[in-house]
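Here's a quick briefing on a surface patch and a chain-chain interface. Have a look at the model first, then read on.

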Amino acid sequence: MSDAAAPSLESRPGRLWLALSQNRLAWIGLALLALIVLVALLAPWLAPYDPLEQNIAARLEPPSAEYWLGTDSYGRDVLSRLIYGARVSLFVGFAAIVVAMLVGTTIGVISGYVGGLFDQIVMGVLDVMLAFPTLLLGLMIAAMLGASLENLIIAIAVTEIAPFARVARAPTISLRERDFVEACRSYGCGPVRIMTRHILPNMMSDVVVMSSLWLASAIRTEASLSFIGLGVPPPTATWGSMIREGFENILDAWWLAVFPSLAILVTVLALNLLGDALRDASDPRTQSR
Amino acid sequence: MTSFVLRRLLFAIPTLLVMLTAIFVLVRMVPGDAAQVVLGDQASAASLAALRAKLGLDQPVYVQYVSFLLNVARGDLGQSLSSGRSVIEEVGQVLPSTIELTAAAIGIGLLFGLPLGVAAALSRNGWIDYVSRVVSLIGLSFPAFVSGILMLIVFAIQLGWFPVLGGSGGRQSFAEHLRGLALPALNLGLIMTAYVMRVTRAAMLGVLTEDYIRTARAKGVGPVRLVARHALRNSLIPIITVVGLYFGTLIGNSVLTEIIFNRPGLGKLILGALNSRDYTLLQGLMIIFAICVIAVNTLTDLAYGLVDPRVKYS
């Protein structure tokens with residue numbers, strides 16, 4: 001079991017490059033992701049209309065030369081809302097992953113370093129969190145805290161803590177026994193110093209590699225919660241809430257639901273393509289396959 | 001064997017206790033006064049006090065906690081605030097519909113996922129492998145409600161092959177019932193197919209390089225027998241693990257699918273509880289999910305032994 005964590009001990013700065021050179025699909029993922037991030041950043045310059053501007057005269061217009069992706073039931077331009085929605089979806093997903101990474105990695109490193117009964121109990125609870133339906137966990141937390149941007153981030157972050165903790169714990173257990181940690185301990189390093197200066201830097205690349213896969217999951221959860229109505233409150237455009245509005249008009253305005261659906265699909269797919277390639281490149285067992 | 005089963009069952013108790021405590025704390029984190037939230041701003045002081053007493057909110061927290069645990073142990077999950085019926089009754093009424101949907105999805109997932117995974121592993125790096133890997137990655141990227149809406153638009157609204165409102169009440173013939181079940185079950189089942197396919201492929205690739213497979217080949221074992229008797233059997237452990245772990249995702253996806261296809265079930269129950277701020281119903285549902293997840297985890301562990309005689313019960 002301890003062998004499984006061994007490859008993480010060597011630092012591999014060229015891991016991204018390795019992943020890209022081995023896997024053509026990863027290029028597609030990276031290109032798509034770069035495009036989506038660029039669109040989100042340049043939203044004010046790219047969007048043809050104000051995403052919140054209502055135009056009752058032009059409600060539920062199908063896609064046309066004037067409104068490329070049509071308009072919604074308030075006459076707002078779907079393309080502009082889609083472009084601005086990318087900002088919210090990416091920001092919420094990214095913020096949730098950063099929070100989950102901080103909390104999860106801390107729990108994983110401490111649990112793995114302390115070991116014993118404490119470790120067993122922590123891992124037992126994390127196993128249940130891991131098996132608990134992500135959506136329901138997020139849904140319950142968002143429902144109890146109330147709908148707002150911060151609470152949405154917290155709810156999604158909680159659902160992603162367990163995987164981070166597990167990935168951080170495994171290498172910690174083997175690093176704890178390594179000679180350089182032992183050496184440091186022998187001339188008086190405390191546990192905090194060992195964990196932050198010696199263990200953390202040696203496993204951070206594992207954690208970062210996995211985060212692109214979990215970012216995909218976080219963005220999916222954000223969309224699902226927004227779809228249920230627990231996301232960022234209206235009128236802010238998010239992909240999930242756009243689909244929710246589209247679903248209410250599904251019989252007479254297919255474009256409202258279809259375009260944000262495709263946006264979510266492409267984003268999650270891009271992250272998965274990239275994440276898969278990164279994971280394969282960091283796991284020597286899959287390289288031969 | 002018996003002691004292994006007992007120990008595994010005993011280990012589930014502290015986990016359940018931690019989960020119940022987390023649920024208890026979470027429900028008490030509802031901002032403001034829960035009774036006020038339920039009854040609204042117009043509520044009189046008397047009715048607020050009555051509801052607080054009914055919910056036990058006038059007791060000290062530790063008393064609430066102990067009676068919460070005792071009630072769960074007795075199987076009493078409280079009453080729905082909006083309908084007044086017991087949580088168990090509410091869930092029991094919609095559960096058959098959800099079980100029917102998820103069972104159909106698991107059937108579809110295994111029916112397509114296992115053969116596709118085997119085929120991909122056997123033609124490793126060939127075109128079947130390549131296509132099925134890309135297709136499964138796309139399947140894994142679909143949030144269930146996105147694929148559900150796209151299916152609804154294409155197959156029910158545009159093509160008219162299936163009813164737009166799935167199993168929405170009333171007396172239906174068996175054929176109509178199946179037609180209503182088809183789209184939601186396919187939606188869940190195809191996403192699950194992607195998971196099963198990936199795991200089967202990976203597990204088969206691991207097994208196919210083993211010595212005993214080469215020995216069997218050398219002995220002249222035919223390809224069908226080789227896969228069915230030698231390779232697939234030994235790949236079943238990781239597959240069972242993932243199907244067990246997938247249970248949580250499946251429940252989450254079925255909630256979204258039920259909402260999209262307007263089927264009765266846990267999804268609509270949860271949505272209704274959210275909209276009416278029925279906190280006792282939500283709390284009860286969380287407890288039921290926690291128990292289900294722990295039960296499935298435990299069963300998955302126990303199932304190893306049935307498939308693999310090498311698993312030591314120690």
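**Patch and interface at a glance**

Val37(A), Leu38(A), Leu41(A), Leu42(A), Trp45(A) and Leu46(A) make a nonpolar surface patch of about 620 Å². Patches here take residues with over 30% relative accessible area and no salt bridge, with nonpolar side chains (Val, Leu, Ile, Met, Phe, Trp, Tyr) joined within 5 Å; the areas are Shrake-Rupley values with a 1.4 Å probe, and for residues only the protein chains shown count as cover. This is a predicted model, where local features need pLDDT of at least 70, side-chain atom pairs count only at pLDDT 80 or more, and totals for chains, interfaces and linings use all residues. Residues are numbered from 1 along each chain as its sequence is written, chains are lettered from A in the order written, and side-chain values use heavy atoms, leaving out hydrogens and water.

- Helix H2 (24-41) and helix H3 (43-46) of chain A each give two or more residues to the patch; helices are DSSP runs (H or I, at least four residues), numbered from the N terminus.
- H2(A) gives the most, with 3 residues, and Leu38(A) lies in that helix.

**The A-B interface**
- Chain A puts 41 residues into the contact and chain B 51 (heavy atoms within 4.5 Å).
- About 4100 Å² is buried between chain A and chain B, with 81% of that from carbon and sulfur atoms; this is accessible area (1.4 Å probe) lost on putting the two together, summed over both.

Definitions and conventions
Patches are made of residues with over 30% relative accessible area and no salt bridge: like charges are joined within 9 Å, nonpolar side chains (Val, Leu, Ile, Met, Phe, Trp, Tyr) within 5 Å. A salt bridge is a side-chain nitrogen of Lys or Arg within 4 Å of a carboxyl oxygen of Asp or Glu.
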